[in-house]
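We will take a short walk, stop by stop, and at each stop you will see what to select and what to look for.

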Amino acid sequence: MIRYEDIQEKVEAYNPQADFDLFRRAYIFSAREHRGQTRRSGEPYLIHPLEVASILADLHLDMTCLVVGLLHDVVEDTLVEQATIEEYFGKDIAHIVEGVTKLSKLDFRTKEERQAENLRKMLLAMVDDIRVILVKLADRLHNMRTLEYLPPEKQVEIALETREIYAPIAHRLGIGRIKSELEDLALRHLDPDAYHDLLRSLDSRRKVSDNFIEDVGKRLGEAVAGQGIEAEVSGRMKSVASIHAKMKRQAIPVEQVYDYVAFRLVVPSLRDCYGALGLIHSLWRPVPGRFRDYIAMPKPNGYQSLHTSVISAKGQPFEVQIRTPEMHRIAEEGIAAHWSYKEGNQGRGEGDLSTGQWLRQYMELLKDVKDPREFLQVARMDLFPDEVYTFSPRGDVFSFPRGATVLDFAYAIHTDLGHQCVGARVKGKMVPLRHQLRSGDIVEIQTSPKHHPSRDSLRLVRTSKARAKIRQWLNVHERQRSLGLGREITGREFRRYRFHPRRVKDRDMTLALQAIGYDNYEDFLSAVGYGKVSPATLVSRLAPELRAEDRLESRLTRVVKKALGVGAPRVKVKGVDDVMASMAGCCDPIPGEEIVGYITRGRGVSVHAVNCTNVENLLYGSERRIDVAWSRARGENTTRPVKIRVIMDDRPGVLARITTAISEEEINIRTVDARVDEAQRGTVLLVLDIKDTRHLQRILKRLRGIEGIRQAERSQGA
């Protein structure tokens, strides 16, 4: 069990002049306020703030940061007010505590809204003082270490948020040690079977790997010492999460992951880095295309190192990273290593200017995004671990997430250039907008003044800046088109009802519009054009006698449907009756899956799974999003077609075992398509009739348990 004295010893080792009187006062204050509280594990609650402070001490952070670690939950989980923290510990500490504190006392309509606003507040606080996120990462790390004490559904929710938000933020800030542990812990709770299977497989190899690490490490150390280079040599097996990600990315079993061992050389100087690299390539054969010079071209988070992969005499590939002691400190601790946290520093601007600039640009993109789902999606866009580096014809360097296109490049230079971009010249050759950038590309954008963005443009870009600018353009022009269409539809409908809005008094019109949720007539026309409301809604308010016959027919229809139990909708549009809803063919959502509605023109509401790849492109404006929910009629037992993709070894009998497993689950097979590639790896595409998400997970688990099956996943699209 962690003790106060243990943390003090850590701090004394790197900052003997620290204000330990302040630290002890914070410890006593936290202990008093959390007295009687326990965690789900049964431990005293005080253990948690102590562990958070200990993690911060491991990063060699200043005393202000450690004090916040002790106090970070006091305002949220006790009766202490923010003003009390400021009175006892000063404005600086109180300000950071406020940034870490969740928005727990406010009411939110949805889980996404709560998550989005908590993230928005945290990111805004990060711009002001980076120590907010350092404390938050330490808090999340200890919570992940003790996640098994929470209910299973809560474990999955927190682990997913950790994998998608906090681990990428740790990477973006260069804190490698926290990022790797967060990823491993998230995988452990999101896919426990895969995690423990991989762990067992790696443990079975550990003896061989340990011998290999010892032999290669010894030879490596002797070789560099022979060249007069003093080096610290270490070897390790890569993290479980990184190996699992490679297996999924390349669709290979663990037996085919060969470069799971990595060595690190920490040498005294920059010159020694390149000297050691040449020596390594003379000892072992380098793997083509696997050399990366992050010293000459650092990653955006400040990471610097030489990476090379080589093959041993026995055919075992392994990676070697070469760096100086300062580079190693930054690689492990990121912004915490080169931010100057001396006493009295306010945590702003002295350390990593590029990180501060990134944070400000990041929040500039996010400030106008109101919809919670869209905010979370955009927030994730700049948190990707892999970058490519490209050049303008003038030699300016631009970094992009892997998969970015020339259209991303155009928007990175200027918004108008992106809007008018029709292609690019890359290394002297013309390429289309969808061309993906590679490190080293020299990109010259080609434009046309007659060209403008379209909805398809969203499919072509990867960066949040490009998406935000395209959405902004589409929203403005979509509204103009919707106004024109709304006027046309409204005029036609009003003529059908013989309704004359000009005869209505302005005050009556305003009250009627406000009653149905619109501030003015133009907003109402735009909503009609979007397909979000019918002109008949306004007629009902202003001239109810004109719609009496229609309403009677609609009421009778509903009564008959309810009495006979027929035609019950599978999906209900929240707050709206009798709206036609249809399942989107791109993702074919099934009951139990989280869904979202997209308002189409003339075809009602199209229902998508929230993780559908098309949703992000369709719902670039919140005007077309509408809440929907599953609404199964009593006794209904219908199914939906679901596409399944199975990757397997080409062995006799595997296909038969697949069909047998499906038959035993009483699932109907609509179609089967099987093929074998040159590597003797089989791919089977099935369309099955599935009842709901539980039914789907049951058959996927059954298929994954068949010998010879490498992967069984749901497949979206045609």
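**The whole chain**

Start with everything shown as a cartoon: the protein chain has 29 helices and 21 strands. Helices here are DSSP runs of H or I with at least four residues, strands are runs of E with at least two, and both are numbered from the N terminus. This is a predicted model, where local features need pLDDT of at least 70 and side-chain atom pairs count only at pLDDT 80 or more, while totals for chains, interfaces and linings use all residues. Residues are numbered from 1 along each chain as its sequence is written, and side-chain values use heavy atoms, with hydrogens and water left out.

Of the 718 residues in the protein chain, 48% count as buried; buried means under 20% relative accessible area, exposed over 50%, and partly exposed in between (1.4 Å probe, protein chains only). Among contacts in the protein chain with a separation of 6 or more, 67% join residues 24 or more positions apart. A contact means heavy atoms within 4.5 Å.

Select residues 63–71, which form helix α4. How many of its nine residues are buried? Nine of the nine are, so to speak, under cover: Met63, Thr64, Cys65, Leu66, Val67, Val68, Gly69, Leu70 and Leu71.

Next, select residues 91–100 for helix α7, where seven of the ten residues are buried. Colour Asp92, Ile93, Ala94, Ile96, Val97, Gly99 and Val100 to see the buried ones.

**A pair of helices**

Select α10 (residues 152–172) together with α11 (residues 176–190). Their axes come within 9 Å and cross at roughly 160 degrees. Axes are lines fitted to C-alpha atoms, for helices over the stretch in contact, and angles run from 0 to 180 degrees between N-to-C directions. The two helices are therefore roughly antiparallel, where under 35 degrees counts as roughly parallel, over 145 as roughly antiparallel, 65 to 115 as roughly perpendicular and the rest as oblique.

Show side chains to find who meets whom: residues of α10 including Gln155, Leu160, Arg163 and Tyr166 are part of the contact, and so are residues of α11 including Ile178, Lys179, Leu182 and Glu183. The residues of this contact divide into ten nonpolar, four polar and three charged. Here Ala, Val, Leu, Ile, Met, Phe, Trp, Tyr, Cys and Pro count as nonpolar, Asp, Glu, Lys and Arg as charged, and the others, Gly among them, as polar.

**Two loop residues with positive phi**

Select histidine 60, in the loop between α3 (47–58) and α4. Its phi is near 60 degrees, a positive value in a residue other than glycine. Is histidine 60 partly exposed or buried? With a relative accessible area of 44%, histidine 60 is partly exposed.

Jump to glutamate 666, in the loop between α28 (654–664) and β19 (669–676). The phi of glutamate 666 is also positive, near 60 degrees, and at 73% relative accessibility this residue counts as exposed.

**Cysteines and a serine**

Select cysteine 273, which is buried at 0% relative accessibility, then cysteine 421, buried with a relative accessible area of 0%. The structure holds zero disulfides, a disulfide being a pair of cysteine sulfur atoms within 2.5 Å.

For the last stop, select serine 457 in helix α21 (residues 457–460). Serine 457 is buried, at 8% relative accessibility. Which residues does serine 457 touch, not counting those up to four places away in sequence? Show Leu407 and Ile470 to see them.
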